[in-house]
Every structure is written in structure tokens, then in C-alpha cells.
Amino acid sequence: MITHAFHLRPAPVMSRTKQIQISNDLSELERLNLLVEEFGGENNFKTEEEYAIYLCLEEMVTNVISYAWPDGGEHTIDIRLAVGEESIRVEIDDDGVEFNPVEFGAPDTVAPAEERPIGGLGIHLVKQTMDDMFYQRVDNRNALIMKKKRIQG
Amino acid sequence: MELSVENLDSGYRCVALSGRLDLKGTQEVDAQFTEETGAKKESVLVDLSNVTYIASIGIRMFLSNIKQLRAANAKMVILKPQKMVEEVLKLAGVDAIIPIEHDQAAAVEVLKGGNAG
């Protein structure tokens, strides 16, 4: 659950990283899943940690692929995973249209089924399952950083 | 993603899903799931004990089918979700619309009791 604003601070030294570049095609999610599976195995992710990393990548990358390039065409998305003693960090970087998910409002999860709007649910779930989310627009690129605290014990 | 249907002694049907309800898994099973739940317009149990993951696309599949069922005054109960799947269903507020039970007999009682909704 994100309960406070994320302040810009130097990234802690991460002991392990993995990165991948994917194209803006939803079939690429499969390759991304394999990367998370491998990374999670190497770093002994707990079920809850691995679930949160799968979820944040699937939801956010699906949004980027679906909405970042209204004119279509071939584009790439850079994804970096890093793990340290205290947290797991996920970075998604693309040159699509500006979109700040941190400021995106929460969907109605209380209304009757018939009245619920479609959309926004994925971002809501990511905000609830990750501990931090930070967005920056730099050089006409979207840079999204999400963190999940390591579960101790 | 796999789907199987069992006819229970109580007269209700239990639709069991198995696999990951991510984008790919949901697309694989969506049409068949709708055929076996929403389109039948009968109260139904949905066994999630073998579903290891659900993302927003999978949740939307449940919401669109419960809408069809409620319009026909029928119910759905989710049975035995794994811990993280249940947590995500609750974060999405699904449990307010589709009751979650961990015991089949209790789930059947929910289907039997009262009016839908």
C-alpha cells in the first residue's frame, strides 16, 4: 500500500539486476514472465513478492503497449529489475505519450457490478501491492519506478 | 489455462479453472468461461483452487459474467482461491459482488439462500 509521497533520492546499491528490451506487442508479456520467473528463482522471491512483480509488470506494460503510441508503429520498452537486501525495484521506460500513473485516480471498487467503470483497476491493484511508485517525464520519455519491500524471515 | 465443469449432487454446477488468469490465460478461457457461467444464467460455483495468479483482465472476466448472472437473478460464488489470488480479488472489491467461500457445502448454501445480490 502506498501511503506517502515518494521523494527523489539516490537509488540504493542493488546486488543483482536484470534488464530486457521488448517491442510494443502484447505477445512480449510472455518473455517478460520468463524473465521474472528466472529472476525470482535466482533471488529466492517469496510467493507474495513474485506475485507483486508479475502484476506490476503485466498491468503497467499492458497499459504502455495499449495506449502509449496512438499512431501505432514499432517501438521499444526498456525494463530493468533490481534486487537488494531491502527491496525489489522495477523500472519501465518508454518514449510514448506522457502518462503519470501515480496521479491516476482510484477506480470505484465499491459500486455494484453494473455501475463500475472499466479501466484503472490494474493501476489500482499495482498501487496496493507495491510499496512505492515514482514517475518522471525526462527527455520526452516516461520513466516509472516501482518498489516492493523484501519480506523478511 | 484449463476449464472443467462438474455437476454437483446439490444440482448446481461447479466450473473449475486451472492455471494463470493473466492476459494470455484469460484470453484462452474467456469465451468458454462465459459460455459456462454468464450465458447459462444459472447460479454457479467457480473453483479457483488451481489458479495461481489473477490480473485485472481476469477480474474483468468475472465482473462481466456476474453482471449477466445478476440480470437473470442468478448468483456466482468463488470457491477456494489461493491466498494471493484472494487478496487481489478483495483489493479489487470483487468479494462485495461475488461471495468467496473455502468450503463447498458453505458455498452451496450461499447459492441457495435469499435473493441474488
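How many residues does the contact take from chain B, and how many from chain A?

Guide: The model is a predicted one. In it, the contact takes 21 residues from chain A and 19 residues from chain B. On the side of chain B that touches chain A, the elements giving two or more residues are helix H1 (23-36), helix H2 (56-71) and helix H3 (83-91) of chain B. The largest share of that side, seven residues, is supplied by H2(B).

Burial brings in another helix of chain B. In helix H4 (residues 104-112) of chain B, the buried residues include B:Ala107, B:Val108 and B:Leu111. These lie on the same side of H4(B), because they cover an arc of only 100° around the axis. An α-helix has 3.6 residues a turn, so residues three or four places apart point the same way. Strand E3 (44-54), strand E4 (76-79) and strand E5 (100-101) of chain B are among the elements that cover the buried residues of H4(B). The face turned away from the buried side of H4(B) carries the exposed residues B:Ala105, B:Ala106 and B:Lys112.

There remains the largest nonpolar core, which has 64 residues; A:Cys56, A:Leu57, B:Val46 and B:Ile54 touch the most other members. Helix H2 (residues 47-67) of chain A gives the most to this core, with 11 residues. Beyond its neighbours within four places in sequence, A:Cys56 is in contact with A:Val90, A:Val126, A:Met130 and A:Met146.

Technical notes:
Residues are numbered from 1 along each chain as its sequence is written. Chains are lettered from A and ligands numbered from 1 in the order in which they are written. This is a predicted model: local features need pLDDT of at least 70, side-chain atom pairs count only at pLDDT 80 or more; totals for chains, interfaces and linings use all residues. Two residues are in contact if their C-beta atoms, placed from the backbone, lie within 7 Å. Helices (H or I, at least four residues) and strands (E, at least two) are DSSP runs, numbered from the N terminus. A residue is buried if 20 or more other C-beta atoms lie within 10 Å of its own, exposed if 12 or fewer, and partly exposed in between; C-beta atoms are placed from the backbone. The arc is that of the directions from the helix axis to the C-beta atoms. A nonpolar core is a set of buried Ala, Val, Leu, Ile, Met, Phe, Trp, Tyr and Cys residues joined through C-beta atoms within 7 Å.
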